[in-house]
Amino acid sequence: DLLGLDAILLDYPNHIASAVRFTEEIPGDYVVLDDGAKYLICDPTYIGASIGLAMSQFKNVAAKVLKY
């Protein structure tokens, strides 16, 4: 809300992460929704990771997308 960017939650098995739709292309791991919208993984629980880095155990796991 603060930055006016859309955000979603990613519901993985036994884990929740977040992803943000930035207005510019930023390198990293993305989730692409059915409508083509790209959300950059921004997982606050991945200690020491920069934005755009998904935990290795979830890189190839389909997450349930929760919009709010």
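**Terms and their grounds**

Modeller: Let us begin with S18, which lies in strand β2, residues 15–21. Strands are DSSP runs of E of at least two residues, numbered from the N terminus. The model is predicted, so local features need pLDDT of at least 70 and side-chain atom pairs count only at pLDDT 80 or more, while totals for chains, interfaces and linings use all residues. Residues are numbered from 1 along each chain as its sequence is written, and side-chain values use heavy atoms, with hydrogens and water left out.

Colleague: Why does S18 count as buried?

Modeller: Buried means under 20% relative accessible area, exposed over 50%, and partly exposed in between, with a 1.4 Å probe and protein chains only. S18 has a relative accessibility of 16%, and therefore counts as buried.

Colleague: What does the side chain of S18 reach?

Modeller: The side chain of S18 comes to 2.3 Å from the backbone oxygen of C42. A polar contact is a pair of N or O atoms within 3.5 Å; within protein, one must be able to donate a hydrogen and the other to accept it, and residues adjacent in sequence count only if both atoms are side-chain atoms.

Colleague: Which residues is S18 in contact with, leaving aside its neighbours within four places in sequence?

Modeller: Contact means heavy atoms within 4.5 Å. With those neighbours set aside, S18 is in contact with I8, L9, L10, L40, I41, C42, D43 and P44.

Colleague: Which residues have the most contacts inside the largest nonpolar core?

Modeller: A nonpolar core is a set of buried Ala, Val, Leu, Ile, Met, Phe, Trp, Tyr and Cys residues joined through side-chain atoms within 4.5 Å. The largest such core has 13 residues, and those with the most contacts inside it are I8, L10, Y12, Y39 and I41. Two or more residues come from each of β1 (6–12), β2 and β4 (38–41). The most is given by β1, with three residues.

Colleague: How many cavities of 30 Å³ or more does a search of the whole structure find?

Modeller: The search finds one. A cavity is a set of points, on a 1 Å grid over the protein atoms alone, where a 1.4 Å probe fits but cannot get out; lining residues have an atom within 4 Å of a point. The largest cavity has a volume of about 30 Å³, and its lining consists of Y12, H15, A17, I41, D43, A54, M55 and F58.

Colleague: Why is N14 called exposed?

Modeller: The relative accessible area of N14 is 85%, so N14 is exposed. N14 sits in the loop between β1 and β2, and has a positive phi of about 65° although it is not a glycine.

Colleague: What makes V32 exposed?

Modeller: V32 has a relative accessible area of 52%, and is therefore exposed. V32 belongs to strand β3, residues 30–32. Apart from neighbours within four places in sequence, V32 is in contact with A37 and K38.

Colleague: Why are V61 and A62 described by separate terms?

Modeller: V61 has 32% relative accessibility and so counts as partly exposed, whereas A62, with a relative accessible area of 72%, is exposed. V61 is in the loop between β4 and β5, and the place of A62 is in the loop between β4 and β5 (64–67). Beyond its neighbours within four places in sequence, V61 is in contact with Y12 and P13. The C-alpha atoms of V61 and Y12 are separated by 7.4 Å, although these residues are 49 residues apart along the chain.

Definitions and conventions
Helices (H or I, at least four residues) and strands (E, at least two) are DSSP runs, numbered from the N terminus. On a 1 Å grid over the protein atoms alone, a cavity is a set of points where a 1.4 Å probe fits but cannot get out, and a pocket is an open set with protein on both sides within 12 Å along at least five of seven lines; lining residues have an atom within 4 Å of a point. Grid points are joined across faces, edges and corners, and a volume is the space filled by probe spheres set on the points.
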